[in-house]
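Welcome! Take a moment to bring the sequence and the structure into view, and then we can walk through them together.

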Amino acid sequence: MKTPFKPGTMLYPLPAVMVTCGDTPENWNIITVGWTGTLCSDPPMCYVSLRPERHSHGLVSRTGEFVINLTTTALAKQTDWCGVKSGRDYNKFKEMNLTPEPAQVVKAPLIKESPLCLECKVTDVRHLGTHDMFMAEVVAVDAEDVFIDKSSGQFQLNHAGLLAYSHGKYYALGEKLGGFGFSVKKKKTSGKKQN
Ligand SMILES: Cc1cc2nc3c(=O)[nH]c(=O)nc-3n(C[C@H](O)[C@H](O)[C@H](O)COP(=O)(O)O)c2cc1C
């Protein structure tokens, strides 16, 4: 049996990301965003939904750019703090000891401590209600070298300790249950006869 709730957005877990914006070191800012996601694989597109009253809303609207910085359990405190304090009152990089790094394409900075940064250029803005949805093309990706396996050259994002947000709480990810398509994959046999 289910209890009916009034319609709402209880789609969890989701990534709580730190979005960087601004176009000069003086106005660089960080906002924590939960309303974010992938829109399309090719062209690669993501979105963030921001309330108009956020300081970051003005910066993203003006510059048409932002960076989605993935967060980790090591960044949980910084992620939360950047989601309760405003860039109108604080330099969040300084307060949270986060290091801005130049991006490849956009003027907004990367967060050095983030394992993966998606540089985005806004293509469309939808005024939906409480939030404006900034749809954007991912124009560059920056992956932390530490997580690139030296022998295979593969980027091991799942070694980064990614952070999840679910129903008002932050969590570390749990144990791996399988890989993409595991439900239909045939098991490898050792060659030996099995009883
Ligand atoms: C986990 C979490 C998720 C959040 N998600 C959003 C979001 O999706 N959109 C939004 O406008 N604000 C979101 N916020 C609130 C902003 O991060 C917060 O108001 C922040 O202080 C705004 O910073 P700014 O004024 O420097 O832009 C979230 C906060 C937290 C803690």
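Proline 43 is placed in the loop between strand 3 (36–40) and strand 4. Keep in mind as you look that this is a predicted model. The bond joining aspartate 42 to proline 43 is a cis peptide bond, and its omega is about 5 degrees. You will find proline 13 in the segment before strand 1 (17–21).

Look for asparagine 97 in the loop between helix 3 (92–95) and strand 6 (100–101).

Now go back to strand 4 and see what lies beside it. Strand 4 is joined to strand 9 (residues 132–143) by six bridges, and the two run antiparallel. Within this pairing, valine 48 stands opposite phenylalanine 134 of strand 9. Strand 9 also pairs with strand 8 (residues 116–127), again in the antiparallel sense, over eleven bridges. Here cysteine 120 has valine 138 in strand 9 as its bridge partner. Strands 8 and 9 form a hairpin with four residues between them, and in the turn glycine 129 has a positive phi of about 155 degrees.

Strand 4 leads us to the ligand as well. Which elements each supply at least two residues of the shell around the ligand? They are strand 2 (29–33), strand 4 (45–50) and helix 1 (55–63). Strand 2 gives the most, with four residues. In total, 22 residues surround the ligand, and the closest are Thr32, Ser56, Lys85, Ser86 and Gly87. By type, the shell divides into eight nonpolar, ten polar and four charged residues.

Finally, zoom in on the ligand itself, which sits in the largest pocket. Several backbone atoms reach towards ligand oxygen atoms. For lysine 85, a backbone N or O atom lies 2.8 Å from a ligand oxygen. For arginine 51, a polar backbone atom is 2.9 Å from an oxygen atom of the ligand, and for histidine 55 the distance from a backbone N or O atom to a ligand oxygen is 3.1 Å. On its own the ligand has 650 Å² of accessible area, and the protein covers 88% of it.

Terms used. Residues numbered from 1 in each chain as written. Predicted model: local features only at pLDDT ≥ 70, side-chain atom pairs only at ≥ 80, totals over all residues. Heavy atoms only, no water. Near = heavy atom within 4 Å. Polar contact = N/O pair within 3.5 Å; in protein donor to acceptor, adjacent residues only side chain to side chain. Areas by Shrake-Rupley, 256 points an atom, 1.4 Å probe, with all protein chains shown as cover. 1 Å grid on protein atoms, 1.4 Å probe; cavity = no way out; pocket = protein on both sides within 12 Å on 5 of 7 lines; lining within 4 Å. Sits in = over half its atoms within 2 Å of the grid points. Nonpolar A, V, L, I, M, F, W, Y, C, P; charged D, E, K, R; others polar. Pairing = 2+ DSSP bridges.
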